[in-house]
2 protein chains.
Amino acid sequence: MNNFVYDIPVKVYFGENQLSHLGEELNKFGTRVLMTYGGGSIKKIGLYDKVMDEMKKHGLEVFELSGIEPNPRIDSVRKGAQMCKDNNIDVLLAVGGGSTIDATKFMAAGACVDHDPWDFFNEKRAKIDKALPIVSILTLSATGSEMDAGGVVSNPETNDKIGRVDPHVLPKVSFLDPTLTYSVNQYQTACGSVDIMSHIIEVYFNMEPDLFMLDCFMEGMLKTVVKYAPIAMKEPDNYEARANLMWTSSWAINGFINGGRAKAWSCHPMEHQLSAVYDITHGLGLAILTPRWMEYCLDETNVSKYVQFAVNVFGVDANQEPMTIAKEGIKRLYDFFFKTLGLKSTLTELGIGKEHFADMAFKACGGKILKGFKNLTQEDVIKIYEMCL
Amino acid sequence: MNNFVYDIPVKVYFGENQLSHLGEELNKFGTRVLMTYGGGSIKKIGLYDKVMDEMKKHGLEVFELSGIEPNPRIDSVRKGAQMCKDNNIDVLLAVGGGSTIDATKFMAAGACVDHDPWDFFNEKRAKIDKALPIVSILTLSATGSEMDAGGVVSNPETNDKIGRVDPHVLPKVSFLDPTLTYSVNQYQTACGSVDIMSHIIEVYFNMEPDLFMLDCFMEGMLKTVVKYAPIAMKEPDNYEARANLMWTSSWAINGFINGGRAKAWSCHPMEHQLSAVYDITHGLGLAILTPRWMEYCLDETNVSKYVQFAVNVFGVDANQEPMTIAKEGIKRLYDFFFKTLGLKSTLTELGIGKEHFADMAFKACGGKILKGFKNLTQEDVIKIYEMCL
């Protein structure tokens, strides 16, 4: 069991109508706000007006950057960082899902440096010494960006999609109002739920001994998604379902469940290549990859972890051979993604063939190997991609 | 489901040898430290010397207040607050279990006011506007004071034992080193484990609908204590057992599991009267009270919560009548406290009779009724005390 440092000083307002605290929280950081958001959905649901009213009431001067893309682009980050510099911004307000919040994090860091923000992501891995404060209003339960210190940004020129984690970009305050996710459609609800589960699975499947208590938490969160994702899809305005998914999305990836475990992930690096090249929804890519990756990695040395997963998350009968239980667990997850949530189950259905698999595997492995639950060579990764066809 | 604000900005260094970060953390707050501790146990285990060395290395000037009692007294708080004023203290370092940390919290608040610190607890409930920063080094897994904003202080002159919660007294940094609990004896390990479980049970037994995810977390924590408390008693230097108990103690009461639930507790107020009058170990009082309280409150309207507890924590067979399952759950908890952990099961065994029950019930009810999972009149509380004889 390794040592760790726990340090997650994000203040969260959870529940309906908590936006009445938005003005007072922004005011703590200054008066000039850069508000970032994606397409027009926040206007459709009336959130834009509510946020603007609240900010005006508190005498805040608001600048706007809209059009942040799903799989957000480095150009948006560059634009935002420049706007912060040009307008002497005090605090950034990200209103949206993980893409908007992720991009905003690196605008906040980019505002404090003279170099291109892409240097945070490319081989330079430029140091982040500070960032402007960030406040977020979440509208999609998925990435957990509202309570974590990381983000993923795409560069279409180089076909790169790269993540970066730094404590300076942790949001200071996040507003989590489950009713703001009522308008998330079935498909996005399903993909967000897969993303949440994947964040947990990436940590849970690990043979390093760590805290049993954290394994219990992870199983609880997986059970929560299995229980509530289908309800949220059928009844989009079911508060209980949306609330459980929302709070789980934050705790799946804020670092708490890691404990002292090494944090090397497997499915996310493989998926980032998929969505970098094909711009597919991140959660859909994860759904297709995860059960294949689990199947590919299963062996006698790690079967116990699969058994724990199958029994404690899906209630598979424990009185069977370990391998049987393990495979049943994978099947239950597969059925959950593709039957219960109704997602497409193969890359072929998405029109994706094997043309780029070698390149993608190269990048997923950082040119070497992909360390994780089981270390994967580029050939291993290609085989897993092929299992998804 | 009610709204809530999540805000727990405590930084935790978890694991062995993390004290190498103590000096740098204290230095962030200044150079003049008041170090508080209880009896000589921190000297016996070599912790005193280690802490002193680390502080000297960082040029800190250290003042000491030792002798903080279990069930800490208001006189210790008064003394500490005065020492802070007299010596222009910048930061308090509490080294010990919950009693030392609890008392230190109100020294830190008391240092910032002119009135008697007991005014924080008595009917005046004096406002806390600020407190000196607090750093803690935990040596006993039980109260969770290392990561929460509350504390309980006794006043032997008035036979009062009163709790107070205020965000200003939340520790800034806490050091959780499981090896520092290796020397905790079997009895204290058992009592600490009961305290942890009680903090969870006080929240878990609640008929307000809240987040399912948090119920899963609570069940996971209860299972963790059930699994590791007996191991820690048999093998006092089992790192895994001590680590799981330690991190669970913090999360049982830092506020996370509350979600939006009303926070009225039942067994703690009843126990505080017991230990105020008889100075018994808090965890032992809780062990004796909790199963009786559960039995007393059980009825057709709340049986579902007991069933959930019995099945998910103790694995009781779910294919039985709800009342049968519920009673089996209570029995399992009773057996865990008094057989597995080997604690005394009645007040009679502690030499406690019914003389003060009426007074204690009056105080536990704040002169009126004790609100909680089931609202209890003073007569109800007396009956529960009598069930413990």
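Two strands pair if DSSP finds at least two bridges between them, and helices (H or I, at least four residues) and strands (E, at least two) are themselves DSSP runs, numbered from the N terminus. The structure is a predicted model, in which local features need pLDDT of at least 70, side-chain atom pairs count only at pLDDT 80 or more, and totals for chains, interfaces and linings use all residues. Residues are numbered from 1 along each chain as its sequence is written, while chains are lettered from A and ligands numbered from 1 in the order in which they are written.

**Strand E5 of chain A**

Leu34(A) stands opposite Leu92(A), a residue of E5(A), and on the E6(A) side Gly96(A) has Leu138(A) as its bridge partner. From E5(A) the chain passes through helix H5 (residues 98-110) to E6(A) in a right-handed β-α-β crossover; right-handed here says that, with the strands pointing away from the viewer, the path from the first strand over the helix to the second runs clockwise. The pairings of strands described in this report are set out below.

| Strands | Bridges | Direction |
|---|---|---|
| E3(A) (residues 32-37) and E5(A) | 5 bridges | parallel |
| E5(A) and E6(A) (residues 134-138) | 5 bridges | parallel |
| E1(A) and E2(B) (residues 11-14) | 3 bridges | antiparallel |

A residue is buried if 20 or more other C-beta atoms lie within 10 Å of its own, exposed if 12 or fewer, and partly exposed in between, with C-beta atoms placed from the backbone. By this rule 6 of the 6 residues of E5(A) (residues 91-96) are buried, with Val91(A), Leu93(A) and Val95(A) on one side and Leu92(A), Ala94(A) and Gly96(A) on the other.

**The two chains**

Residues are in contact if their C-beta atoms, placed from the backbone, lie within 7 Å, and the contact takes 31 residues from chain A and 31 residues from chain B. On the side of chain A that touches chain B, H7(A) gives the most, with 9 residues. Across the two chains, Val5(A) stands opposite Tyr13(B) in E2(B).

Methods:
Contact = placed C-beta atoms within 7 Å.
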